[in-house]
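Subject: Structure handover

Hi,

Here is the structure I promised to pass on. My notes follow below it.

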Amino acid sequence: MVTAEDLNGLGLANVGEVFYNSSYEELKAFEIKEGLKVASNGAMMVDTGIFTGRSPKDKFFVDQEPSNKYIAWGDINFKTTKEVFDDLFAKAKAQLSNKNLYVQDLFCGASAASKKKVRFVTEIAWQAHFVKNMFIRPKEDELEGFSPDFVVYNACRVVDDEWEKHNLNSEVFVVFNVEENIAIIGGTSYGGEMKKGIFSMMNYWLPLEGKLAMHCSANVGKDGDTALFFGLSGTGKTTLSADPKRNLIGDDEHGWDEDGVFNFEGGCYAKVIGLDIEGEPEIYGAIRENALLENVVANEDGVVDYTDGSKTENTRVSYPIEHIENHEPSLQAGHPKNIIFLSADAFGVLPPVSKLTKEQAMYFFLSGYTAKVAGTERGITEPVATFSACFGEAFLPLHPTVYAKLLGDKIDEHEVNVYLVNTGWTGGAYGVGKRMSLKATRACIDAIMDGSILESEFATTDIFKLSFPTTLNGVDSKVLNPKNAWKDVDAYMATRDNLAKLYIENFKKYLKDDAEFDYSAAGPKF
């Protein structure tokens with residue numbers, strides 16, 4: 001139990017009532033007082049303000065020993081000083097003083113050997129609701145004597161009006177002090193900053209213990225065969241792991257330790273733009289009471305229009321994983337049998353499914369490719385390749401090769417099959433070809449899961465040297481070979497060569513490192 005006296009002792013002043021680990025029912029009452037509406041399906045609806053996504057340029061780590069020896073400083077992990085942190089922490093504490101506060105004590109990590117205890121302090125009820133959905137909810141006896149490993153102070157309603165003096169990038173700040181086990185948030189209400197902030201910290205802690213932290217979804221079959229799905233936003237990570245034939249371990253963040261795979265979280269955070277009951281029945285059905293919808297548009301009766309992206313294309317819902325009927329109650333399973341890299345290739349070059357060698361797995365993991373399509377961002381008029389190391393570079397405090405080495409070691413140790421699945425375009429690039437059907441992609445995934453893909457004959461693409469099945473149940477054989485799916489073969493080859501050059505150019509940054517990570521030979525070659 002956390003009291004006002006406890007928080008006053010942490011530097012907050014005149015704290016009023018502390019709503020500690022409030023129930024969903026209690027939080028709903030608070031949210032309605034805050035002006036939130038209830039959707040017709042029973043979920044709460046919130047607008048997150050001017051920020052409908054993370055603010056990556058405003059994330060900083062305090063530059064101090066010993067963490068500064070491990071952090072990969074640069075465009076992902078920005079430095080700030082202990083003095084600036086102290087100034088910002090004072091602003092955050094002032095904002096959180098003299099008012100009622102919500103405190104949630106939660107776990108990150110289902111593995112007893114790897115979990116962290118995290119405390120969230122906020123003045124807004126829906127943010128307490130969000131983290132209650134997203135992290136693992138302790139049982140009553142687990143809250144007795146709860147001593148947090150890390151504390152997040154979310155003072156989102158205060159901004160840093162001295163940001164230029166502090167050498168920040170804006171008045172928004174999300175700052176991590178590794179040595180003091182504290183994060184502070186100001187200027188943005190977006191709940192994802194808390195979720196991904198703790199994910200970043202798990203990506204710091206676990207590899208230093210020889211454990212792998214992963215931006216992936218995971219599920220497990222009836223025979224105990226675990227599968228991992230790596231992919232950037234929009235590639236189908238959440239959708240494809242929600243499989244009625246398999247138990248969902250989690251949809252976004254996992255660890256891999258000596259006992260196997262485990263979810264960091266106790267909930268799911270799914271995109272809902274374009275959501276429909278036929279295409280994604282599990283997610284659609286999970287949006288009910290206790291779920292929290294973000295930035296959606298609804299009519300006067302609370303009926304949500306999931307096709308409406310007028311507020312943002314990044315409309316989302318968080319919900320407890322219990323809302324997925326066939327979830328894995330333990331949130332963990334054994335070592336993976338299959339790993340799947342998901343790429344939404346808007347150039348239409350990659351096959352729907354390819355089986356990778358160990359070396360190719362390392363290459364494509366470090367590349368972390370997907371593509372943005374025209375219309376999703378201002379100024380984008382044709383497909384744009386995006387490379388994000390380990391399919392989650394924005395959340396990696398350490399150098400990407402640290403995670404790649406851990407993955408490679410585990411692939412070898414547990415003899416894991418690795419596949420590359422293109423959930424993007426076929427028959428041409430965006431605007432010419434068409435999006436790979438969800439039905440065809442699920443057929444590829446099913447063939448991987450039941451092992452039937454290994455019974456297929458395989459051929460190899462030019463340039464990328466990707467090994468693909470020539471026949472697969474439920475997939476048009478013409479589509480399996482991307483070259484055959486294009487009407488204009490010359491256009492295919494030109495597009496293929498351009499994408500290969502982008503891969504090669506991106507991978508050059510790893511060639512400066514230890515030769516152990518020179519996997520360029522496994523990439524495209526002219």
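Valine 62 stands opposite threonine 80 in S5. Strand S4 (residues 59-62) pairs with S5 in the parallel sense, over three bridges. Two strands pair if DSSP finds at least two bridges between them. Strands (E, at least two residues) and helices (H or I, at least four) are DSSP runs, numbered from the N terminus.

A word on the source: this is a predicted model, where local features need pLDDT of at least 70, side-chain atom pairs count only at pLDDT 80 or more, and totals for chains, interfaces and linings use all residues. Residues are numbered from 1 along each chain as its sequence is written, and side-chain values use heavy atoms, leaving out hydrogens and water.

**The sheet**

S4 and S5 belong to an open sheet of eight strands, in the order S1-S6-S7-S8-S10-S9-S4-S5. The pairing is mixed. Strand S1 (18-20) and strand S5 (78-80) stand at the edges. Each has a single partner strand, so one side of each is left without a neighbour in the sheet. On average, neighbouring strands are turned by 25° against each other, direction ignored.

Helix H3 (residues 82-96) lies across S4, S5, S6, S7, S8, S9 and S10. H3 runs at about 65° to S10. (Contact means heavy atoms within 4.5 Å; axes are lines fitted to C-alpha atoms, for helices over the stretch in contact, and angles run from 0 to 180 degrees between N-to-C directions.)

**The rings**

The structure holds 33 aromatic pairs. Rings of Phe, Tyr and Trp (its six-membered ring) pair if their centres lie within 6.5 Å; planes under 30 degrees apart count as stacked, over 60 as edge-to-face and the rest as tilted. Tyrosine 369 and tyrosine 503 have ring centres 5.2 Å apart and planes at 50°, so this pair is tilted. Tyrosine 369 lies in strand S24 (residues 369-372) and tyrosine 503 in helix H14 (residues 489-507), so the pair ties together parts that are 134 residues apart in sequence. Both tyrosines are buried (under 20% relative accessible area, with exposed over 50% and partly exposed in between; 1.4 Å probe, protein chains only).

For cysteine 216, the nearest cysteine sulfur is that of cysteine 390, 12 Å away. Cysteine 216 is buried, at a relative accessible area of 0%. Cysteine 268 is also buried, at 1%.

Best wishes

Note on methods
A disulfide is a pair of cysteine sulfur atoms within 2.5 Å.
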